[in-house]
Amino acid sequence: MKKILVSACLLGERCRYDGRSKPCSHPLLLKWRAEGRLIPICPEVDGGLSVPRVPCERRNSGVFAESGKCFTEEYTRGAEAALKKARGNDVLLCILKERSPSCGVNEIYDGSFSGITISGEGVTAELLRENGFAVFSENNIEAANEMLQNYENGRL
């Protein structure tokens, strides 16, 4: 059975920068969880950051706090841990938290800490995609399911 790498905060784990979660109760996610398909990750925690932690945003190729302090190394380390977990667990696809500086799939905050979002990827989403993994956000679970069904029916 192929596995799905998923942002732990979407599964209710309190691992976000503010110590909260962003649980997603999509029926497919709940079904996959019951089937034992889900491999939870939190790249920020895996990269050595605490919960709670200072909020960060991606600016160009780096990740920074509003103070200007650079956290790129921790985010990169977390992305590499996620890639290792995906490779080691027969993962077919990933479902990651949109807008996160780690997990954002289609959009991230612009780095100005003003709440403005731009098209872009988080560090982990980018690394996973560059290494051949299909990456979806929590807003595209149906598309992820279509890919999974195509794979399981021999159409991929």
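**View 1. Leu93 and its contacts in the predicted model.** The model shown here is predicted.

View 2. The largest nonpolar core holds 21 residues. Leu29, Trp32, Leu93 and Ile95 have the most contacts inside this core. Strand 1, helix 1, strand 5, strand 8 and helix 5 each supply at least two of its residues. A second core is separate and has 15 residues, among them Leu5, Ile39, Val91 and Leu96. In soluble globular proteins, nonpolar side chains tend to be buried together.

**View 3. Helix 5 and its buried side.** Helix 5 runs through residues 141-152. Its 12 residues reach 16 Å from the first C-alpha to the last, close to the 16 Å expected. Ile141, Ala144, Asn145 and Leu148 are the buried residues of helix 5. They lie on the same side of helix 5 because they cover an arc of only 100° around the axis. An α-helix has 3.6 residues a turn, so residues three or four places apart point the same way. The buried residues of helix 5 pack against strand 1 (3-7), helix 1 (27-35), strand 5 (91-96) and strand 8 (134-137). Gly154 follows helix 5, with a positive phi near 75°.

**View 4. The largest pocket.** The volume of the largest pocket is about 480 Å³. Its lining has 25 residues. Arg16, Tyr17, Arg99, Ser100 and Pro101 lie nearest the centre. Helix 2 (43-46) and strand 3 (56-59) each supply at least two lining residues.

Technical notes
Residues are numbered from 1 along each chain as its sequence is written. This is a predicted model: local features need pLDDT of at least 70, side-chain atom pairs count only at pLDDT 80 or more; totals for chains, interfaces and linings use all residues. Side-chain values use heavy atoms; hydrogens and water are left out. Helices (H or I, at least four residues) and strands (E, at least two) are DSSP runs, numbered from the N terminus. The expected span of a helix is 1.5 Å times one less than its number of residues. Buried means under 20% relative accessible area, exposed over 50%, partly exposed in between (1.4 Å probe, protein chains only). The arc is that of the directions from the helix axis to the C-beta atoms. Contact means heavy atoms within 4.5 Å. A nonpolar core is a set of buried Ala, Val, Leu, Ile, Met, Phe, Trp, Tyr and Cys residues joined through side-chain atoms within 4.5 Å. On a 1 Å grid over the protein atoms alone, a cavity is a set of points where a 1.4 Å probe fits but cannot get out, and a pocket is an open set with protein on both sides within 12 Å along at least five of seven lines; lining residues have an atom within 4 Å of a point. Grid points are joined across faces, edges and corners, and a volume is the space filled by probe spheres set on the points.
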